[in-house]
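Subject: Structure handover

Hello,

Here is the structure you are taking over. Please open it first, then read the notes below it.

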Amino acid sequence: MKQKIIIKVQVRCDKCRSKAMETAAAADGVISVALDGEYKDKVVVIGDGVDAADLAIQLNKKLGHASLEMVEEVQENVGNENEDQATQPPSSPSSPTTPYPPCYYQTSGEYELFRVVIDPQPSPCTIM
């Protein structure tokens, strides 16, 4: 049974966030770990058979304070939805940091992703 666990931790700096991610990733059964919240102070763990209370205790020992906020079961997708998604190009919303949306090009039934990349610090031009 897959479950999603959210634990609020006390973070003071990026090193604390890194320590929280490492501690959560080291637990048995963890599939993915992410930081969430306005101040990136919530550790979101998705896993199979993860002991939420033990994970909260481990984070509490490493970081000084951690409180278990939510544990919920993750629902699996139905197989019919996967077949429909295979025929359509993947959709990804354009974020404010990327000014151009991704471009898709179909070749022989498969889609290839092309992304426009802007160099924030281009090399200086020299005029001869």
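A contact here means heavy atoms within 4.5 Å of each other. The model is predicted, so local features need pLDDT of at least 70 and side-chain atom pairs count only at pLDDT 80 or more, while totals for chains, interfaces and linings use all residues. Residues are numbered from 1 along each chain as its sequence is written, and side-chain values use heavy atoms, with hydrogens and water left out.

I start with one residue. Not counting residues up to four places away in sequence, N60 touches H65 and A66. A side-chain polar atom of N60 lies 3.5 Å from the backbone nitrogen of A66. N60 itself lies in helix α2; helices (H or I, at least four residues) and strands (E, at least two) are DSSP runs, numbered from the N terminus. N60 counts as partly exposed because its relative accessibility is 33%. Between N60 and A20 there are 9.6 Å in space, C-alpha to C-alpha, although the two are 40 residues apart in sequence.

Helix α2 has 12 residues (52-63) and should span 16 Å at 1.5 Å a residue, which agrees with the 16 Å between its end C-alpha atoms. The expected span is 1.5 Å times one less than the number of residues. Which residues of α2 are buried? They are A52, L55, A56, L59 and L63. Seen down the axis of α2, these buried residues fall within an arc of 100°, so they line one face of the helix. The arc is taken from the directions from the helix axis to the C-beta atoms. An α-helix has 3.6 residues a turn, so residues three or four places apart point the same way.

The buried residues of α2 pack against β1 (2-9), α1 (14-25), β3 (42-48) and β4 (66-73). On the α1 side, T23 is found in helix α1 and is buried, with a relative accessible area of 10%. Leaving aside neighbours within four places in sequence, T23 is in contact with L55, Q58, L59 and K62. After α2 comes G64, with a positive phi near 100°.

Last, the strands. Two strands pair if DSSP finds at least two bridges between them. β1 pairs with β3 in the antiparallel sense over seven bridges, and K4 has I46 in β3 as its bridge partner. β1 and β4 also pair in the antiparallel sense, over seven bridges; there, L68 in β4 is the bridge partner of I7.

Regards

How values were computed:
Buried < 20%, exposed > 50% of the residue type's maximum accessible area, 1.4 Å probe, protein only. Polar contact = N/O pair within 3.5 Å; in protein donor to acceptor, adjacent residues only side chain to side chain.
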